Amino acid sequence: MKRLILIRHGKSSWELNVRDHDRVLLERGINDAHLIGKHLNSAFISSQQIWSSTAARALQTAVIVSEYIDYNLLSFKLKRELYTFDSSELISQIKSCTNDIDTLMVFSHNHGLTDTVNALGSNYFDNIPTTGAVIIEFNTTQWSDISNGQTIAHFFPKKLK
């Protein structure tokens, strides 16, 4: 069994004149990351491996959430390839995970993230909101074989407030 936890980065700021890759979280994004982290912790959801896009807003979200699930940041992986808005690229990265990892948490970007959730999971979502988390389980032992998973939970900040 493989478990995938996909989380969209928190709400980011467009106020600063910086590259898209360098945009940071707004206060709302920070607060929502804490909210999702607390909720994952209270639902006893953890991860063996966390991967994050190298974009500042995804990395900030990942670090905040990881504090709540008691994750060892020495095992944290930054992956430039997760700075993508394309689901086929995102799925390709996920499928490259080593099979000794049973639970993988990935922080990435829309529209690729929503499209990935819809391609791999059993529930359809029009849009995964910022800091939204979706958990999908796959009845396989190989990440390269994931498809047609079962969406077992989703957590969206607006519904948790």
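Which residues does Trp143 touch, not counting residues up to four places away in sequence? Trp143 touches Lys2, Arg3, Leu4, Ile94, Lys95, Cys97, Thr98, Asn99, Ile101, Asp102 and Leu104, where contact means heavy atoms within 4.5 Å.

The model is predicted: local features need pLDDT of at least 70, side-chain atom pairs count only at pLDDT 80 or more, and totals for chains, interfaces and linings use all residues. Residues are numbered from 1 along each chain as its sequence is written, and side-chain values use heavy atoms, with hydrogens and water left out.

**Cores**

Trp143 belongs to the largest nonpolar core, which has 22 residues; Leu4, Leu6, Ile94, Leu104, Val106 and Trp143 touch the most other members. At least two residues of this core come from each of β1, α3, β4, α4 and β5. Another core, of 20 residues, lies apart from it and includes Ala62, Val65, Tyr71 and Phe76. A nonpolar core is a set of buried Ala, Val, Leu, Ile, Met, Phe, Trp, Tyr and Cys residues joined through side-chain atoms within 4.5 Å. Buried means under 20% relative accessible area, exposed over 50%, and partly exposed in between (1.4 Å probe, protein chains only).

**Sheet and helices**

An open sheet of six strands has the order β3-β2-β4-β1-β5-β6, with mixed pairing. Its edge strands, β3 (77-78) and β6 (150-155), each pair on one side only. Strand β5 (residues 133-138) pairs with β6 in the antiparallel sense over five bridges, and Ile136 stands opposite Thr151 in β6. Two strands pair if DSSP finds at least two bridges between them; helices (H or I, at least four residues) and strands (E, at least two) are DSSP runs, numbered from the N terminus.

Helix α4 (residues 112-120) lies across β1, β4 and β5, at about 150 degrees to β1. Axes are lines fitted to C-alpha atoms, for helices over the stretch in contact, and angles run from 0 to 180 degrees between N-to-C directions.

**Aromatic rings**

There are two aromatic pairs in the structure.

| Pair | Centre to centre | Angle between planes | Class |
|---|---|---|---|
| Tyr83 and Phe85 | 5.5 Å | 70 degrees | edge-to-face |
| Phe125 and Phe156 | 5.7 Å | 70 degrees | edge-to-face |

Rings of Phe, Tyr and Trp (its six-membered ring) pair if their centres lie within 6.5 Å; planes under 30 degrees apart count as stacked, over 60 as edge-to-face and the rest as tilted. Phe125 and Phe156 are both buried, whereas Phe85, at 41% relative accessibility, counts as partly exposed.
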